[in-house]
Amino acid sequence: MMNTLIQTEYEFTLPTGYIDATGTLHREGTMRLATTADEILPLKDPRVQSNSAYLIVILLSRVIVRLGTVEAINPKVIEGLFASDLAYLQDLYNRINGSGIRSLPVTCPHCQQSFAVELDLAGEF
């Protein structure tokens, strides 16, 4: 049996950054791949049932495992993000949790350097 490693966590840097109650700016973070429970359980939340736009707040609070030195990532933290950061994280969430191949490993024919090329998949939200 072949043992295949998959990437389950993705580092990110927020365009603007989250400012906590003490005025500290947090920009560096980590998001993990979503599980089925991450996508289903928030649908039972009354905040999502009364306002479907709140779904992304709950989803992100579940899958962001680190944001600077913030101790606990919860919906209040996500609510405190600037709109540009929310849009950035929503795009990252969609890219890493989408189905299909998102990048291809390639090798430069001139220098033989290996790297991944991210595919631009038309029609995504």
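Author: Helices (H or I, at least four residues) and strands (E, at least two) are DSSP runs, numbered from the N terminus. The model is predicted: local features need pLDDT of at least 70, side-chain atom pairs count only at pLDDT 80 or more, and totals for chains, interfaces and linings use all residues. Residues are numbered from 1 along each chain as its sequence is written, and side-chain values use heavy atoms, with hydrogens and water left out.

Reader: What span does helix α5 reach from its first C-alpha to its last?

Author: Helix α5 covers residues 83–97, 15 residues, and reaches 21 Å. That is close to the expected 21 Å at 1.5 Å a residue, where the expected span is 1.5 Å times one less than the number of residues.

Reader: Which residues in α5 are buried?

Author: Asp 85, Leu 89, Leu 92, Tyr 93 and Ile 96. Buried means under 20% relative accessible area, exposed over 50%, and partly exposed in between (1.4 Å probe, protein chains only).

Reader: Changing topic. How many salt bridges?

Author: The count comes to 6, taking a salt bridge as a side-chain nitrogen of Lys or Arg within 4 Å of a carboxyl oxygen of Asp or Glu.

Reader: Which residue does Glu 11 pair with?

Author: Arg 66, with the closest N and O atoms 2.9 Å apart. Glu 11 lies in strand β1 (residues 9–19) and Arg 66 in strand β3 (residues 64–67), so the pair ties together parts 55 residues apart in sequence. Glu 11 is exposed at 58% relative accessibility, and Arg 66 is partly exposed at 30%.

Reader: Is Asp 38 buried or exposed?

Author: Buried, with a relative accessible area of 2%. Asp 38 forms a salt bridge with Arg 32 at 2.6 Å, N to O, and another with Arg 62, where the closest N and O atoms are 2.9 Å apart. Asp 38 lies in helix α1 (residues 36–40) and Arg 62 in helix α3 (residues 55–63), so that pair ties together parts 24 residues apart in sequence.

Reader: What links Arg 32, Asp 38 and Arg 62?

Author: A network of salt bridges. Arg 32 is partly exposed at 21% relative accessibility, and Arg 62 is partly exposed at 31%.
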